[in-house]
Amino acid sequence: MKNSALVEMRNIDKWFGRVCALQGVDFTIGRNEVVGLVGDNGAGKSTLIKILAGVYPADKGEIYFEDRKVHFSSPKDAMQAGIETIYQQTAVVDVMSIMRNVFMGREPVRRFGPVEWLDVEKMAQESIKALKKVDLHLRSAAIPVGELSGGQRQGVAIARAMYFKTKLLILDEPTSNLSVKESRKVLQFIEDLKNQNVSSVFITHNLYHVYPVADRITLLSHGKKIGEFGEDKPSMEELIKIMISS
Amino acid sequence: METLLSKSKRILTVKEVSSLIMLLAVMLIFYLLSPLFLSLDNIQTILVIVPELGIMVAGVTVLMISGEFDLSVGSIFALSPIVMVELINSGWNLWSATILALALCCGAGLLNGVVTIELGIPSFITTLGTMMIWRGVVLLITRGWPPFFPEEAIPLAQIIVGEVGFVRLSVIWFGVIILFFWILLERSRFGNWIFATGGNPGTARALGINTKGVKCANFMMSSFLAGFSGLIQACRLQAVIPSAGSGVELQAIAASVIGGTFLTGGIGSVVGSSIGCFLIRIIDNGLVMARAPGYWFRVFIGMILIIAVVLNIFIVKKARKMR
């Protein structure tokens with residue numbers, strides 16, 4: 001049982017009107033694994049991941065999570081199962097404080113009879129702790145996320161996923177719009193995730209970013225899977241050839 | 001030194017600071033122009049006129065934080081007392097008439113919300129439309145003449161604007177409502193959802209927040225409070241005026257913006273907005289006290305509005321540099 005995959009998506013089809021976004025795609029994510037999902041713009045990467053994250057349903061195919069057949073009808077369903085997604089544009093709300101971002105949608109409350117109110121102290125303390133786990137050391141959790149650097153913002157989103165005991169973290173283009181130094185920091189976050197028993201999917205069109213950290217790379221092109229490469233993955237040059245020739 | 005620096009930074013980043021500074025400056029200027037400005041009588045007058053704007057502004061602010069506008073509040077302000085009075089005059093009991101009038105306001109808010117969200121049009125357009133529609137309905141009902149204010153409504157007047165010592169009850173209602181919304185925004189889960197919905201709806205949805213529900217609830221609160229404010233003014237004047245509240249929708253937005261609320265959503269404070277209301281009403285009142293021609297009112301409000309926004313941006317920049 002230990003060797004079984006964390007997620008198995010089988011034979012997934014998705015149509016948008018008359019446009020076929022995905023056709024018969026199989027996608028597997030192992031336990032404690034970093035999977036690179038690579039493809040050009042419009043290859044169907046985001047569609048595949050949004051189906052897994054419960055944003056929209058597949059037209060055909062099955063999803064198994066921890067060996068159980070699942071059907072996520074909303075992002076909340078997927079989150080409750082332990083699948084968290086960090087989208088490129090919408091990871092955090094810039095104008096809100098770090099602690100309000102970390103606990104967004106899952107705010108801790110204190111109760112007195114029927115009255116409940118935000119446990120602001122807990123939010124502040126736990127946010128600082130969660131950030132420490134991803135090696136971000138900040139003095140205050142009350143500052144707006146907009147004042148942080150791009151890499152630190154990704155760090156806040158990752159810290160949030162870690163705090164809520166995510167089993168699978170999906171990162172949609174986490175290194176786009178980041179400087180080289182900041183990208184390296186985010187790649188470090190992803191490696192750390194593996195050590196804490198979290199699998200991750202790294203979606204990108206930049207093979208150079210994902211190659212060093214990925215245990216496995218899945219290539220998509222025009223809605224179809226064109227290759228899957230495990231431990232003995234070919235060299236980066238060969239992968240690029242496969243992508244271009246498809 | 002560092003503690004002093006971080007302390008002053010903390011004070012400067014409080015979103016209500018710039019509006020408070022302006023309020024104090026304006027009060028000082030009016031006091032110098034006419035010492036009677038700070039007389040007990042005049043303070044009493046100000047405390048009567050501020051709540052009628054302020055209660056409405058609380059709803060407008062919360063809606064703006066969630067990223068939407070409401071231009072229909074001025075028309076709702078007129079509609080609600082007219083519905084109540086017409087119902088009483090046609091034989092309804094006071095309390096059922098009041099509840100029905102306020103329920104109608106909630107319904108108007110729901111309509112704003114559903115049309116905006118489900119049809120995907122900007123709330124600016126939706127509420128500009130309903131602003132005209134409800135004002136038209138008011139004129140249709142009254143034919144432009146103020147209806148008779150019935151004596152049966154006196155018990156309601158006692159509850160919402162009755163005199164208690166130095167002040168009227170409307171001030172107490174205003175204080176309670178501002179406190180309620182402060183707690184809602186700063187210390188409740190729903191408040192966090194409101195900020196998130198306005199700050200970045202995509203993020204909010206991705207984290208499982210029902211942004212449509214949040215916006216709809218806020219549209220309803222905005223209309224409800226506008227209706228409540230309308231009842232307060234009608235009961236205070238013991239008259240129902242079909243043109244009541246015209247132009248107030250823009251004053252409400254101005255008060256929110258002066259108080260630090262962003263048009264783009266995600267940032268704002270009801271405490272700041274109520275300071276904005278005090279500013280607007282005090283300028284109105286202070287100009288009279290200073291014997292300036294009343295026409296200056298709009299000129300000053302316009303200036304204060306622009307200065308407030310510039311000051312807000314300036315202070316935020318300064319505070320960031322102090323780190």
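This is a short tour of a predicted model, one selection at a time.

**Before you start: colour by confidence**

Colour both chains by pLDDT. Chain A averages 86, and 98% of its residues score at least 70. Chain B averages 91, with 94% of the residues at 70 or above. For the complex, the predictor gives an ipTM of 0.83 and a pTM of 0.89.

**Stop 1: the hairpin in chain A**

Select residues 7-16 and 19-29 of chain A. These are strands E1 and E2, an antiparallel pair held by 7 bridges. Zoom in on Phe16(A), whose bridge partner in E2(A) is Val19(A). The hairpin has 2 residues between its strands, and Gly17(A) takes a positive phi near 60° there.

E1(A) and E4(A) run antiparallel and are joined by 5 bridges. Click on Glu8(A) and you will find Tyr64(A) of E4(A) opposite.

**Stop 2: the six-stranded sheet in chain A**

Next, show the open sheet of 6 strands in chain A, whose order is E6-E9-E10-E3-E11-E12 and whose pairing is mixed. Strands E6 (83-86) and E12 (224-229) of chain A are the edges, each pairing on one side only. Step across the sheet and the twist averages 20° from one strand to the next.

E6(A) and E9(A) run parallel, with 4 bridges between them. Here Ile86(A) stands opposite Leu171(A).

Then bring in the helices that cover the strands. Helix H6 (residues 180-195) of chain A packs on the sheet, where it touches E3, E9 and E10; its direction makes about 155° with that of E10(A). H8(A) lies across E11 and E12 of chain A, running at about 20° to E11(A).

**Stop 3: two helices in chain B**

Move to chain B and select residues 40-65 (helix H3) and 211-237 (helix H11). Their axes are 8 Å apart and the packing angle is about 175°. An angle over 145 degrees counts as roughly antiparallel, so that is how H3(B) and H11(B) stand to each other. Show side chains along the contact: among those taking part are Ile55(B), Met56(B) and Leu63(B) from H3(B), with Phe224(B), Leu225(B) and Phe228(B) from H11(B). By class, this contact has 14 nonpolar, 5 polar and 1 charged residues.

**Stop 4: a covered helix in chain B**

Finish with residues 248-258 of chain B, helix H12. Is this helix mostly covered or mostly uncovered? It is mostly covered, since 10 of its 11 residues are buried. Val248(B), Glu249(B) and Ala252(B) are among the buried residues.

Those three residues also meet Val73(B), Gly74(B) and Phe77(B) of helix H4. Select residues 73-89 of chain B to see H4 whole: the axes of H4(B) and H12(B) come within 6 Å and cross at roughly 125°. The two helices are therefore oblique to each other. This contact has 4 nonpolar, 1 polar and 1 charged residues.

Note on methods: Residues numbered from 1 in each chain as written. Chains lettered and ligands numbered in written order. Predicted model: local features only at pLDDT ≥ 70, side-chain atom pairs only at ≥ 80, totals over all residues. Buried ≥ 20, exposed ≤ 12 C-beta atoms within 10 Å, placed from the backbone. pLDDT = per-residue confidence, 0-100. Axes fitted to C-alpha atoms, helices over the stretch in contact; angles between N-to-C directions. Parallel < 35°, antiparallel > 145°, perpendicular 65-115°, else oblique. Contact = placed C-beta atoms within 7 Å. Nonpolar A, V, L, I, M, F, W, Y, C, P; charged D, E, K, R; others polar. Pairing = 2+ DSSP bridges.
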